[in-house]
Amino acid sequence: MSKLTQRKSLEYVKKDYVRTRTMPASWYLASYKYKYNLTHMQPFLEKLKNKKLIGLQCSGCNRVFFPPRLVCGKCLVKPDRWVDLRETGKVATYTVAYLKDTETGEILERPVVLVQQDGADTASMAQLSPEIDFKDTYIGMPIKVHWVENPTGGLMDIEYYDLVEDDAKDLDLRKE
Amino acid sequence: MGRQVAIVSAGYSEHASKRSDVNMAELVSEAVEDCLKKVPSVGFEDIDAYVNGNMPAFEGSNLPELWMTDWMGARNKPLIRVTTGGTTGGTVAIAGYYTVTAGLPGIDTVLAIAFEQQSQGDTSVGLASVAYGELSVLNTLGMSYEHLTRLLSAGAAIGVASYQATNYMRKSKITEEDLARVVVQNRHNAAKTWWAHLKMPNLTIEEVLDTPYISYPLRYGMVCPASDGACAVLFTTEEKAKDMCDIPVYVNGVASVAHESAVLGYDGSGSGQIDPSEQLGAMRSSELAYSQAGISMPRKEIDYAEVYAPFPNQELMWVEKLGLFEETTAPQMYENGVTGLKGELPICCSGGVNSTNAIGASALERPAEAALQIMGKASNQVPKSVHTAIGHGWGGSLNLCTMLVMADEPQRKWR
């Protein structure tokens with residue numbers, strides 16, 4: 001039953017070779033081409049050029065996708081209703097990234113937020129205005145789109161989000 | 001109907017940040033050797049098939065499973081490799097379970113192996129194709145990769161975890177001290193585990209809070225290390241298991257569910273989640289696995305849990321989502337010592353992923369450690385007797401959750 005004799009331990013190998021030898025090599029993976037679907041994006045991108053936001057609504061579950069999706073993941077149907085969205089939104093969640101400036105060596109603190117656009121059911125990743133202190137960011141913060149000067153028809157037309165000045169009392173409750 | 005599957009042994013290699021004394025194949029053979037040492041009656045000729053896996057593109061070499069065939073004794077035997085990103089280990093375990101339970105003629109005993117040698121490959125190249133969920137999104141929306149640096153300055157796994165942390169901390173009203181407490185417990189446990197990586201027996205909460213932020217609210221001291229290591233688990237049938245070891249561990253339920261995209265930015269899965277700490281996939285996978293194992297009250301019936309938590313907030317989140325504690329009560333349980341080595345429900349007594357993270361192997365080490373705790377052979381053995389334990393895995397850019405529910409008695413559902 002016992003087959004201990006057939007299994008050799010690696011101990012005798014380690015006795016002879018204390019270290020492995022390292023051979024440098026590189027594996028180039030960084031360049032490839034990809035294709036993307038334009039059919040469901042075209043009206044969205046055209047509206048962005050005019051500084052307008054629209055979302056795609058699923059007729060099955062009435063959820064609004066921003067940015068638009070080709071297929072609704074819940075109903076497996078093609079969302080086909082375009083709805084207008086407001087420029088305001090709120091912070092769904094956030095984190096603070098710490099980046100080292102390669103030239104000065106200074107550590108930059110940049111808040112990275114996920115924004116839920118008012119009227120949309122999904123969140124999208126965005127940046128906050130550099131004027132906002134990262135310590136003041138909180139979940140549920142009201143914000144507003146800040147457009148770039150010359151929109152080109154892409155999601156990068158939203159440069160960052162500005163803070164909406166609002167003294168409503170329910171906002172204080174959200175901060176807690 | 002499928003056969004009842006049992007785990008008879010599990011083994012580890014030593015984990016460290018740089019295992020420069022061995023190469024990838026030798027690292028795997030260390031784990032295989034440790035696994036077979038615990039079952040003296042089993043030799044390589046008794047193993048019928050192999051399942052192998054690691055994180056794709058992290059190792060820097062193509063087809064590593066063919067390279068290490070001889071090192072794990074797989075010559076002339078069926079061998080498959082599965083890779084599912086961070087959950088690779090969990091999927092390897094599930095693939096091993098399926099191979100045995102399928103009842104193929106002549107295949108009874110299966111060795112599942114997961115490994116990672118991160119010091120050898122380029123982790124950032126691997127992450128660029130796997131862990132950045134945004135790449136697929138950028139492809140869909142037709143944006144160039146240059147925008148990635150502008151949009152996603154908090155990238156990869158910690159970028160995902162810090163969003164979960166922000167929302168979890170707001171929901172359960174905890175501070176960073178509560179996160180540090182989890183880290184301290186894990187590092188203390190790791191000090192008693194022979195194969196663990198970060199062993200810090202004298203770490204205090206103040207020391208953790210003294211380190212700089214990597215990505216708010218996670219600090220350098222809270223984050224998992226990058227380790228080299230391997231893990232091997234031996235699966236076999238119920239009949240053979242009784243001959244091989246004293247206490248076979250029966251696998252009664254397995255599940256793997258992905259529900260939503262990990263970075264919710266562009267809603268990869270179409271689920272429309274806006275709260276990253278909601279984790280419906282974890283709830284669903286635990287539900288499925290518990291129902292297979294016949295567990296209706298996980299809080300009372302489970303004695304030991306190993307959860308996949310590279311970051312402390314995730315450990316708090318998972319134990320709630322897997323049904324072990326009520327929502328938002330987990331921080332108090334860590335404070336009161338319920339989850340400690342001598343507590344009522346010990347969690348991650350091996351130090352967890354927080355102390356040892358060889359990415360591909362991590363999710364296999366969870367069920368392996370849980371099985372060893374049931375057998376009573378674990379390095380940091382809990383004093384109370386363990387009858388039912390769970391091993392959980394999480395990873396990929398789509399929040400894939402794997403679950404294995406194990407017990408010292410077989411579930412008689414198939415008969």
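1. Strand S1 (residues 53-57) of chain A and S2(A) pair in the antiparallel sense, over two bridges. Pairing here requires at least two DSSP bridges between the strands. Strands are DSSP runs of E with at least two residues, helices are runs of H or I with at least four, and both are numbered from the N terminus. A:Gln57 has A:Val64 of S2(A) as its bridge partner.

2. Note the basis of all this: the model is predicted, local features need pLDDT of at least 70, side-chain atom pairs count only at pLDDT 80 or more, and totals for chains, interfaces and linings use all residues. Residues are numbered from 1 along each chain as its sequence is written, while chains are lettered from A and ligands numbered from 1 in the order in which they are written.

3. Chain A as a whole has three helices and eight strands. The order from the N terminus is α-α-β-β-β-β-β-β-β-β-α. Of its 176 residues, 27% count as buried (20 or more other C-beta atoms within 10 Å of the residue's own, C-beta atoms being placed from the backbone; exposed means 12 or fewer, partly exposed in between). Contacts are residue pairs whose C-beta atoms, placed from the backbone, lie within 7 Å. Among chain A contacts between residues at least 6 apart in sequence, 52% join residues at least 24 apart.

4. In chain B, look at helix H3 (residues 88-101). Its 14 residues should span 20 Å at 1.5 Å a residue, and the end C-alpha atoms are 20 Å apart, which agrees. The expected span is 1.5 Å times one less than the number of residues. H3(B) is mostly covered, with 12 of its 14 residues buried. Among them are B:Val92, B:Ile94, B:Tyr97 and B:Val100. Just after H3(B), B:Gly103 takes a positive phi of about 75°.

5. Helices H8 (residues 176-191) and H13 (residues 312-321) of chain B have axes that come within 8 Å and cross at roughly 90°. H8(B) and H13(B) are therefore roughly perpendicular (65 to 115 degrees). H8(B) contributes B:Leu179, B:Val182 and B:Val183 to the contact, and H13(B) contributes B:Pro312, B:Asn313, B:Glu315 and B:Leu316. By class, the contact has five nonpolar, one polar and one charged residues.

Notes. Axes are lines fitted to C-alpha atoms, for helices over the stretch in contact, and angles run from 0 to 180 degrees between N-to-C directions. Angles under 35 degrees count as roughly parallel, over 145 as roughly antiparallel, 65 to 115 as roughly perpendicular and the rest as oblique. Two residues are in contact if their C-beta atoms, placed from the backbone, lie within 7 Å. Ala, Val, Leu, Ile, Met, Phe, Trp, Tyr, Cys and Pro count as nonpolar, Asp, Glu, Lys and Arg as charged, and the others, Gly among them, as polar.
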